[in-house]
Amino acid sequence: MVIRNAYLVTKDYYAAEDICQETFVRLNARLDQIPDENVRSWLLRTSRRLALDHQRNEERRSDSPAYTEWEEEMEAHVASECFDLSELLEKREEIRVRKETLMLLKEQRPLWYEVLLMSCVEEMCNGAIGLQLDITPSLVSKWKERAGRWLRECYERDYLEEE
């Protein structure tokens, strides 16, 4: 029931499983405060809120700040009348390759991707990331290092191929 409720919002089974787990962890922490007859409605309400939070976070993550930066830079160029379309198109292409590289990391190494997001976007320390993912901070550090190396190698390979 809880997984289905979360899935209706997220349309992602694995995210719904995670939300279900988090819902029951929270229920366990508050079990003595919730009357037995209200547990079902509490589970549904909490899982829905967590699913909506997850969806908002996913939308925020999927919004590429690189494109926003590109648009701001383009507006600045237009405003300063130093408009060089070829330079802007080249920069946009570079941003596209970077985004594709990140999406490839997400597909091939989802845990590394999550660690990088938590570290760079959410600005979490290795200890906090380790607690959330139930791994050691040293493993978090290793994954960040490996993900950075993987991204560099993949980006250089793809970017140099296109030139």
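This is a predicted model: local features need pLDDT of at least 70, side-chain atom pairs count only at pLDDT 80 or more; totals for chains, interfaces and linings use all residues.
Local features need pLDDT of at least 70 and side-chain atom pairs count only at pLDDT 80 or more, while totals for chains, interfaces and linings use all residues. Residues are numbered from 1 along each chain as its sequence is written, and side-chain values use heavy atoms, with hydrogens and water left out.

**Figure 1. Overview of the protein chain, with eight helices and zero strands.** Along the sequence the pattern reads α-α-α-α-α-α-α-α. Helices (H or I, at least four residues) and strands (E, at least two) are DSSP runs, numbered from the N terminus. The chain has 163 residues, and 28% of them are buried. Buried means under 20% relative accessible area, exposed over 50%, and partly exposed in between (1.4 Å probe, protein chains only). Contact means heavy atoms within 4.5 Å. Among contacts between residues at least 6 apart in sequence, 54% join residues at least 24 apart. The accessible surface comes to about 11,400 Å². Carbon and sulfur atoms hold 51% of that surface. Areas come from the Shrake-Rupley method with a 1.4 Å probe; for residues, only the protein chains shown count as cover.

**Figure 2. The largest nonpolar core, with 15 residues.** A nonpolar core is a set of buried Ala, Val, Leu, Ile, Met, Phe, Trp, Tyr and Cys residues joined through side-chain atoms within 4.5 Å. Leu-105, Trp-112, Ile-129 and Trp-150 touch the most other members. Helix 6 (110–121) and helix 8 (137–162) are the elements that give two or more residues to this core. A second, separate core has seven residues, including Val-2, Ile-34, Val-39 and Leu-43.

**Figure 3. Surroundings of Trp-112.** Neighbours within four places in sequence are left aside. Trp-112 then contacts Leu-105, Trp-143, Arg-146, Ala-147 and Trp-150.

**Figure 4. Val-140 in helix 8.** Val-140 counts as buried because its relative accessibility is 0%. Residues up to four places away in sequence are not counted here. Val-140 touches Val-115, Asn-126, Ile-129, Gly-130 and Ile-135. Asn-126 lies 14 residues from Val-140 along the chain, with a C-alpha separation of 5.8 Å.

**Figure 5. A nonpolar surface patch of Tyr-7, Tyr-13 and Tyr-14.** Together these residues have about 370 Å² of accessible area. Nonpolar side chains (Val, Leu, Ile, Met, Phe, Trp, Tyr) are joined within 5 Å, like charges within 9 Å. Tyr-14 sits in helix 2 (residues 13–30). Its relative accessible area is 61%, so Tyr-14 is exposed.

Methods. Patches are made of residues with over 30% relative accessible area and no salt bridge: like charges are joined within 9 Å, nonpolar side chains (Val, Leu, Ile, Met, Phe, Trp, Tyr) within 5 Å. A salt bridge is a side-chain nitrogen of Lys or Arg within 4 Å of a carboxyl oxygen of Asp or Glu.
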